[in-house]
Amino acid sequence: MGLWDSVFGKKVTIQGRDENGKPFETKVSEKQFKKWEQEGLLSKTAVVEVQVLDPKGSYTTHWKIGEDIPAEVVEKFKNPDTNKLYALTVYEAGEPKTSVLQHAKWLEIKAAMGE
């Protein structure tokens with residue numbers, strides 16, 4: 001890929017994990033992405049972004065569809081405006097239990113938590 005393309009070409013965002021398993025996100029040129037894809041260097045995994053309310057602090061994560069969460073649950077609860085899921089973690093006997101909620105209910109709980 002040329003310098004011109006890397007500076008001025010259309011960019012795509014890719015997400016992955018480094019050699020230590022730490023998640024990363026970076027932008028690459030669309031040409032470079034397509035080249036890596038053709039060479040079999042990339043694999044696609046369907047994921048959904050999840051906004052989680054947790055008593056220890058709110059955070060955003062990504063769940064693999066079919067592995068971390070069933071596709072049927074994603075379709076049922078995914079917000080059509082944001083394409084995200086909204087979840088709440090509670091602790092029972094010190095163990096975290098996470099449930100997916102409708103966005104309106106999640107907003108209610110978020111307000112009640114003072115977020």
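Colleague: Leaving aside its neighbours within four places in sequence, which residues is Thr13 in contact with?

Modeller: This is a predicted model, in which local features need pLDDT of at least 70 and side-chain atom pairs count only at pLDDT 80 or more, while totals for chains, interfaces and linings use all residues. Residues are numbered from 1 along each chain as its sequence is written, and side-chain values use heavy atoms, with hydrogens and water left out. Thr13 is found in strand β1, residues 11–17, where helices (H or I, at least four residues) and strands (E, at least two) are DSSP runs numbered from the N terminus. With contact taken as heavy atoms within 4.5 Å, and with those neighbours left aside, the partners of Thr13 are Glu25, Thr26 and Lys27.

Colleague: With the side chain of which residue does the side chain of Thr13 make a polar contact?

Modeller: A polar contact is a pair of N or O atoms within 3.5 Å; within protein, one must be able to donate a hydrogen and the other to accept it, and residues adjacent in sequence count only if both atoms are side-chain atoms. At 3.1 Å, the side chain of Thr13 makes such a contact with the side chain of Lys27.

Colleague: Is Thr13 buried, partly exposed or exposed?

Modeller: Buried means under 20% relative accessible area, exposed means over 50%, and partly exposed lies in between, using a 1.4 Å probe and protein chains only. Thr13 has a relative accessible area of 42%, and therefore it counts as partly exposed.

Colleague: Is Gln51 buried or exposed?

Modeller: Gln51 has its place in strand β3, residues 47–53, and, not counting residues up to four places away in sequence, it touches residues including Tyr59, Tyr86 and Trp106. The side chain of Gln51 is also joined to that of Glu49 by a polar contact of 3.0 Å. Because its relative accessibility is 17%, Gln51 counts as buried.

Colleague: What is the relative accessible area of Ile69?

Modeller: Ile69 sits in the loop between β4 (59–64) and α3, and the residues it touches, not counting those up to four places away in sequence, include Val48, Trp63 and Val100. Ile69 is classed as buried because its relative accessible area is 5%.

Colleague: Where in the chain does Asn83 lie?

Modeller: Although Asn83 is not a glycine, it has a positive phi of about 60°. Asn83 is partly exposed, with a relative accessible area of 47%, and its place is the loop between α3 (71–77) and β5 (84–92).

Colleague: Is Ala93 buried or exposed?

Modeller: Ala93, too, is a residue other than glycine with a positive phi, here near 55°, and it lies in the loop between β5 and β6 (95–101). Its relative accessible area is 86%, so Ala93 is exposed.

Colleague: What is the radius of gyration of the chain?

Modeller: The chain has four helices and six strands, which run α-β-β-α-β-β-α-β-β-α from the N terminus on, and its C-alpha trace spans about 55 × 25 × 25 Å along its principal axes. The radius of gyration is taken over C-alpha atoms, and the globule rule is 2.2 Å times the number of residues to the power 0.38. For a compact globule of 115 residues a value near 13 Å would be found, but the chain has 18 Å.
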